[in-house]
Amino acid sequence: MARPLTTLRDMLGTIAQSYVTIVVVALLVGAAFAPIAWGTTSGPDGTVAVIELNSGINERVADEVIDDLREARENESINAVVLEVDSPGGGVTASESLYLAVERTAEEMPVVTSIQSVGASGGYYMSVPSDEIYVNPSSTVGSVGVRATYIDPPTRDEQITTGPDKAGGTKEQVKQQVEQMKQMFVGSVMEHRGDELELSETELSYAKTYTGVESVENGLTDEVGDTEVAIGAAADMAGLNDYETVEMDRDAMVSPLLGMESTADDSERGPDGHPQTYGDYGSVNTPAFLAVWGTVDGETVIETSRPSETPAPTTPATGGEAP
């Protein structure tokens, strides 16, 4: 009787040891795979970068935003960009540079613009290549056009030059240049927004501004919504279900274009106190080409003419005739 009991105890001990071994192995396997499973379900799918422009546009302001856009394109963790724009515009060249940088970025990832109080002239120009443009109901949008201020050079008989235009262009030549710049601005809007626009090219070239609601109705923008809505839209375009948002911070730069304070170094200012982006370059007077809505040194530059059935004038669209 003792022998069968001993055999039974041995069998039960073997079974118990095997069970403990199986449980230990299962726990070890679970511990090995648990971190991998957790890591694949808890982290965000990607990142939406928010880039802000909340001032008038000059070359230094444009360079800062262009650098942010370049960083977004080169950073593999960033999947989409939201531009938070609150700007009446500024210098034509700086605005064109921003337009081209936004266009390059939109070719590589979704770009959505959120217009705050103002997205006019150069501020709208830079927004045009975006996949979608969101506005607040009372935002000011539009002012598609260019203005120039002409400065009479010294008379030709006071100078010795190697060519008739070496002393500076004529007022008529400046008008022609402004017309070309206007056509480029209008053409860019038609290229990117033509399918949505309810405005004719003639109406567009009058540089009228619209409220956010009106801009959605006429196709200058897409939807009414704040920055949070724009971020969600950009994430959807990038195929992100779970994402994080990063704000690309930089030192505030406010353009002096509209009489605002600037942090530009004194060494970069001309005699009139403005950064050297247009106009007076020390002892050299040049035409000032502006894509701006608002006032400059107290002078009104907004175009108030209403579109009509007559062709658009060939003078600057945002400021009437160049003085």
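Predicted model: local features only at pLDDT ≥ 70, side-chain atom pairs only at ≥ 80, totals over all residues.
View 1. The structure holds 2 aromatic pairs. In the pair of tyrosine 99 with tyrosine 125, the ring centres lie 5.1 Å apart and the planes stand at 45°, so this pair is tilted. Tyrosine 99 belongs to helix H3 (residues 92-106) and tyrosine 125 to helix H4 (residues 122-125), so the pair ties together parts that are 26 residues apart in sequence.

**View 2. Tyr125 and Phe185.** Tyrosine 125 is buried, with 4% relative accessible area. Its ring and that of phenylalanine 185 have centres 4.1 Å apart and planes at 10°; because planes under 30 degrees apart count as stacked, the pair is stacked. Phenylalanine 185 sits in helix H5 (residues 171-193) and tyrosine 125 in H4, so this pair ties together parts that are 60 residues apart in sequence. Phenylalanine 185 has a relative accessibility of 0% and counts as buried. Through these ring pairs, Tyr99, Tyr125 and Phe185 are linked into a cluster.

**View 3. Packing of helix H3 with helix H5.** Two packed helices are described by the angle between their axes and the distance between the axes. The axes of H3 and H5 come within 12 Å and cross at roughly 25°. Angles under 35 degrees count as roughly parallel, and H3 and H5 are therefore roughly parallel to each other. Their crossing is left-handed. On the H3 side the contact involves Val92, Glu96, Tyr99 and Glu103, which meet Met181, Met184, Ser188, Glu191 and His192 of H5. Sorted by class, the residues in the contact of H3 with H5 are 4 nonpolar, 2 polar and 3 charged.

**View 4. Ser121, a residue with positive phi.** Serine 121 is not a glycine, yet has a positive phi of about 50°. Serine 121 is found in the loop between strand E4 (111-120) and H4, the helix that holds tyrosine 125. With a relative accessible area of 0%, serine 121 is buried.

**View 5. Ser143, in the loop between E6 and E7.** Serine 143 lies in the loop that runs between strand E6 (140-142) and strand E7 (147-149). Its phi is near 55°, a positive value in a residue other than glycine. At a relative accessibility of 1%, serine 143 counts as buried.

Definitions and conventions
Residues numbered from 1 in each chain as written. Heavy atoms only, no water. Phe/Tyr/Trp six-rings, centres within 6.5 Å; stacked < 30°, edge-to-face > 60°. Helix = DSSP H or I, 4+ residues; strand = E, 2+ residues; numbered from the N terminus. Buried < 20%, exposed > 50% of the residue type's maximum accessible area, 1.4 Å probe, protein only. Axes fitted to C-alpha atoms, helices over the stretch in contact; angles between N-to-C directions. Parallel < 35°, antiparallel > 145°, perpendicular 65-115°, else oblique. Left-handed = near helix turned anticlockwise from the far one by under 90°. Contact = heavy atoms within 4.5 Å. Nonpolar A, V, L, I, M, F, W, Y, C, P; charged D, E, K, R; others polar.
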